[in-house]
Amino acid sequence: MKYRLIMIVSLIGALVSGCDSAKNSASADTIYVDGDILTMEGDTPTYAEAVAVKDGEILFVGDRQTAFTYRTEATDVINLEGKTFMPGFIDSHGHIYGVGLQTISARLLSPPDGTVTTVADILTIMQAYIDDPVNQELITKTGWIIGFGYDDSLLDFYPTAKDLDKLDTDYPVMIIHTSLHLSVLNSKGLEVAGFTAETENPQGGIIRRKAGTNEPNGVLEEMPFIVTIFGIMNSFDENIQAAMIKGGQDLYASYGFTTAQEARASTAGLQALERASKDGKLVMDVVAYADFQRAKDSLSTSYYGQTYTNRYRIGGVKLGFDGSPQGKTAWLTHAYHVAPDGQPADYAGYGSYPDAKAFALIDEAFEKDWQVLVHANGDAAIDQMITGIALATEKYGPKDRRPVLIHGQTLRQDQIGKLAELDIFPSLFPIHTFYWGDWHEQSVLGQPRADFISPAKAVLEAGLKFTSHHDAPVVLPNAMRILSATVTRRTRSGKVLGPDQSVSTYIALKSITDWAAYQLFEEADKGTLAVGKKADFVILDQNPLKVDPDSLMEIKVLQTISAGKVIYEKP
Ligand SMILES: [Zn+2]
Ligand SMILES: [Zn+2]
């Protein structure tokens, strides 16, 4: 009986598809059935029997029988064979253009994502990269040799220009710290970039010096690094930019992401994304946040706003108020557990701006009604953001602006209440508990501060939603690593850092789907399986809610689907 009904429906559907009105009829392009279809709607897990898709949007979510009333001859029925089907992952903070830079640079990552454990390893990989004919065109065009992803917390010592000078090349060399906040240049690089004994440290940054002299030792912290790398990237031609955008999207899609961010876009990065959008090269939605100081002009273009143009939009502006804790440049209210070389015992990092400047920047964002993202890792930088938002809110009145605290790694309990009061949305960084948790405990923060790093549970208990991000290319854009770290808080050494701050797997999933959509003001279109939302999905080989949390990292992305199209399939 049921079968006959379906046959009749299919027949009518087939007839309808034959005429011009077919486009507007309720016939599905695809129907997904027979898996764990996790909707991510609501506070507890909810499953559906079927999802029907039409023209890149969700047409129906619910029972199998009703779903099949949308079936026609042209409908693809996908049997999920028990696999898990859920909303595509949404990047709450990452740099897809930066990931593109990573994909064209020498890879200097340490285990488990790479092989580097010594400075000698860095030199071996860099020399192989320099000698590889594949890279010659890029090196000649850019005039630089770039390596990405060194992590001094996992090396035998901190590399300097003296080490990089051992490379057999006449080109300037830059290796970029995995935090994207520091770099090391060889002597030629220092010369080309113009750093000498006479160069003073700029506001919000440090040019490290050789002991007992004023000679730069090659290491650039924060502002001098940012200015140098933006300068290099501004010279990339269209082919290099296109390769970066493709590389970035491919990597994101392989981890199940269907919406990506470029969360501190330079003018060149914005132009590259705009071109990719015009050329139809974006296979996923990309939201850019313009570097406030260098690229805010882009907010006067038609790309700024909530509507995507060919998969691209500009969402607002990005500010950075301090550095990174693992690089010991985050701005704390109390001293680092172990001060970095050459710093006094009471060293507590530093901010990017004096208060007046920081407050003026937030004020301008409120005045122009731009969504503002503020990178603040240290609790002193977070205090500065909170005060800036409080002042601007008082001046311009309450409104749904969703300013975002990016990272907030050393959030204090007393600051969490203020986030709630001021409607500051926390985008947290618990993935750090895996990558640098041991380092935070032993060297960066000590206890009890290390246990309270990225306090997702405390934020939740204050009644706030939060997101959990990868900040790629700081780490790989690996959604399962985000889940695993947010749920288990297990460090590289296997210890659990701050077990009180663990959250459930379902909450961690909310933080990369539903709540991430909310952070982007896209909750009406994305983040859950609901009628009218975009057909952005990920298919996983296991259900994260049904595996032991310590096995989350073993889950594989089988397929990533954006606007109804498969953009990644596991080989
Ligand atoms: Zn950041
Ligand atoms: Zn970032």
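Donors here are N, O and S atoms within 2.8 Å of the metal (3.2 Å for Na, K and Ca), and since water is not among the atoms, sites may look incomplete.

Before you click on, know that this is a predicted model, where local features need pLDDT of at least 70 and side-chain atom pairs count only at pLDDT 80 or more, while totals for chains, interfaces and linings use all residues. Residues are numbered from 1 along each chain as its sequence is written, chains are lettered from A and ligands numbered from 1 in the order in which they are written, and side-chain values use heavy atoms, with hydrogens and water left out.

**Stop 1**

Select His93, His95 and Asp471. They coordinate the zinc ion (ligand 2) through NE2, NE2 and OD in that order, at 2.1 Å. Here distant parts of the chain are linked: His95 sits in the loop between β6 and α3, and Asp471 in the loop between β19 and α18 (479-488), 376 residues apart. Those labels come from DSSP runs, numbered from the N terminus: helices are H or I with at least four residues, strands are E with at least two. Are His95 and Asp471 buried or exposed? Both are buried, where buried means under 20% relative accessible area, exposed over 50% and partly exposed in between (1.4 Å probe, protein chains only).

Now slide over to the zinc ion (ligand 1), 3.2 Å from the zinc ion (ligand 2). Its protein donors are ND1 of His375 and NE2 of His407, 2.0 to 2.1 Å away. This pair also bridges distant parts of the chain, with His375 in strand β16 (residues 371-376) and His407 in strand β17, 32 residues apart. His375 counts as buried because its relative accessibility is 3%, and His407 is buried too, at 0%.

**Stop 2: the sheet**

Color the strands next. Strands of a sheet pair through backbone hydrogen bonds, either parallel or antiparallel. In this tour, two strands pair if DSSP finds at least two bridges between them. Look for the open sheet of 8 strands, which pair in parallel in the order β6-β13-β14-β15-β16-β17-β18-β19. At its edges are β6 (89-90) and β19 (467-468), each pairing on one side only.

Zoom in on β17 (residues 404-407) and β18 (residues 425-428): they run parallel and are joined by 4 bridges. Which residue of β18 is the bridge partner of Val404? Phe425 is.

Then pick helix α10 (residues 267-278), which lies across β13 (257-265), β14 (285-291) and β15 (312-320) and runs at about 165 degrees to β15. Such angles run from 0 to 180 degrees between N-to-C directions, using axes fitted to C-alpha atoms (for helices, over the stretch in contact). Contact means heavy atoms within 4.5 Å.

**Stop 3: a hairpin**

Go to β11 (residues 205-209) and β12 (residues 216-222), an antiparallel pair with 4 bridges. Gly205 faces Glu222 of β12. The two strands make a hairpin with 6 residues between them, and Gly212 in the turn has a positive phi of about 75 degrees.

**Stop 4**

On a 1 Å grid over the protein atoms alone, a cavity is a set of points where a 1.4 Å probe fits but cannot get out; a pocket is an open set with protein on both sides within 12 Å along at least five of seven lines; lining residues have an atom within 4 Å of a point. Grid points are joined across faces, edges and corners, and volume is the space filled by probe spheres set on the points.

The largest pocket holds about 970 Å³. Elements giving two or more residues to its lining are α6, α7 (187-193), β11, β12 and α16 (437-444). Of its 40 lining residues, Tyr158, Arg208, Asn217, Val219 and Asp341 lie nearest the centre.

How many cavities of 30 Å³ or more are there? The count is 8, and the largest cavity has a volume of about 350 Å³. Its lining has 25 residues, with His95, Leu180, Phe230, Glu262 and Arg264 nearest the centre. Helix α8 gives the most to that lining, 5 residues.

**Last stop: Asp163**

Finish in helix α6 (residues 161-164), where Asp163 lies. Asp163 is buried, since its relative accessible area is 6%. Leaving aside neighbours within four places in sequence, Asp163 touches Val119, Leu123, Phe157 and Tyr158.
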